[in-house]
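Hello,

Here is the structure I promised to pass on. Please open it first, then read my notes below.

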Amino acid sequence: METIIDYFSSISSLHRGLILAGGIAFFWLLESVQPMVDFNYRKWNHAGINIFFTLTTIIVNFLMAFVLLMAANWTTTNDFGLLQLLPKMPLWIYTLIGLLLLDLIGAYLAHLSEHKIKLFWRFHLIHHTDTWIDTTSANRHHPGESVIRFVFTTFGVFALGCPMWMVFLYQSLSVVCSQLNHANIALPKKIDWLLSYFLVSPDMHKVHHHYLLPYTDSNYGNIFSVWDRLFGTFSYLDRKEIVYGIDTHHNEKEHNDLKNLLMIPFQKPKNIHK
């Protein structure tokens, strides 16, 4: 455990970038060998759009990283936050609790808010317009959504009093888990089902990308599935019944055009199911 903490305490931007790029490359190759769905699409064109949004997410996080760093440093220096109130315990339990709570605030609550608050939904909608869910879809977030998620993560760090090594560990796990549960791969159903009791499995998250309610408004978790099960937002749909996309943007000119995707939050809302 100490080795992991030492690594993430001093992890370089290069290594963080390699984790992101390495995950995309690994799952890209895996889904190319044996995809769950045989999409009839231009894979490289689709990837180009989603990688653009990946780069904008990186830029937003980089430009605002000093806020996250200041929050983590202040809370640990001043013994502020929920984690500082915990009794002494084994380091691995402390880490697990911290990751669970960061996932609750930085992922689950952020995601839930994006579905319930109309202004947030305008930006999150871009993620749901994707009708070809693969590993590149994981970071298909409008720059505006990247700001929203950054704010939630920073609030989580401040409220919990997370050390910076835990933040870097959480972000790295979050990236890889998101790439896994978006990847166009199929685990054996029993393994996927068992995995979904602890972590967000590929089948579990893909239900969230079904184009109709109530499935779109379910399975908000990113790393851990416990929050969806605890708060009653877990749902199941057989993988064969899932249709990707959103019911208002099935036209390829809307969901596969970068310029239009960037402008969707500022367009007149359609008669959407929100």
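Which side chains meet in a salt bridge at 3.5 Å, N to O? They are those of aspartate 130 and arginine 140. Bear in mind throughout that this is a predicted model. Aspartate 130 and arginine 140 are 10 residues apart, and each sits in the loop between α5 (118-128) and α6 (143-160). Both residues are buried.

**Other salt bridges**

The count comes to eight salt bridges. Glutamate 31 and lysine 43 form one of them, with their closest N and O atoms 3.1 Å apart. Glutamate 31 belongs to helix α2 (residues 13-33) and lysine 43 to helix α3 (residues 43-77), so this pair ties together parts that are 12 residues apart in sequence. Is glutamate 31 buried or exposed? Its relative accessibility is 2%, so glutamate 31 counts as buried. The cut-off for buried is under 20%. The pair is also part of a network of salt bridges that links Glu31, Lys43 and Asp134.

Next, look at lysine 189 and aspartate 238. Their side chains meet in a salt bridge at 2.8 Å, N to O. This pair links distant parts of the chain, 49 residues apart. Lysine 189 is in helix α8, while aspartate 238 is in the loop between α10 (226-230) and α11 (252-255). Lysine 189 has a relative accessible area of 40%, so it is partly exposed. Aspartate 238 is at 18% relative accessibility, so it counts as buried.

**Surface patch**

A nonpolar patch lies on the surface. Its members are Trp193, Leu194, Tyr197, Phe198, Leu199 and Tyr236. Together they have about 640 Å² of accessible area. Where is tyrosine 197 found? It is in the loop between α8 (189-195) and α9 (202-208). Tyrosine 197 is partly exposed, because its relative accessible area is 41%.

**Helix α4**

Helix α4 covers residues 91-116, which makes 26 residues. From first C-alpha to last, α4 reaches 36 Å. That is close to the 38 Å expected at 1.5 Å a residue. Where does α4 bend by about 35°? The bend is at leucine 104.

**Where to look**

Start with the aspartate 130 and arginine 140 salt bridge. Move on to the network of Glu31, Lys43 and Asp134. Then turn to the nonpolar patch on the surface. Finish at leucine 104, where α4 bends.

Best wishes

How values were computed: Residues numbered from 1 in each chain as written. Predicted model: local features only at pLDDT ≥ 70, side-chain atom pairs only at ≥ 80, totals over all residues. Heavy atoms only, no water. Helix = DSSP H or I, 4+ residues; strand = E, 2+ residues; numbered from the N terminus. Expected span 1.5 Å × (residues − 1). Bend = angle between axes of the 7 residues up to and from the residue. Patch = residues over 30% accessible without salt bridge, like charges linked within 9 Å, V, L, I, M, F, W, Y side chains within 5 Å. Areas by Shrake-Rupley, 256 points an atom, 1.4 Å probe, with all protein chains shown as cover. Salt bridge = Lys/Arg side-chain N within 4 Å of Asp/Glu carboxyl O. Buried < 20%, exposed > 50% of the residue type's maximum accessible area, 1.4 Å probe, protein only.
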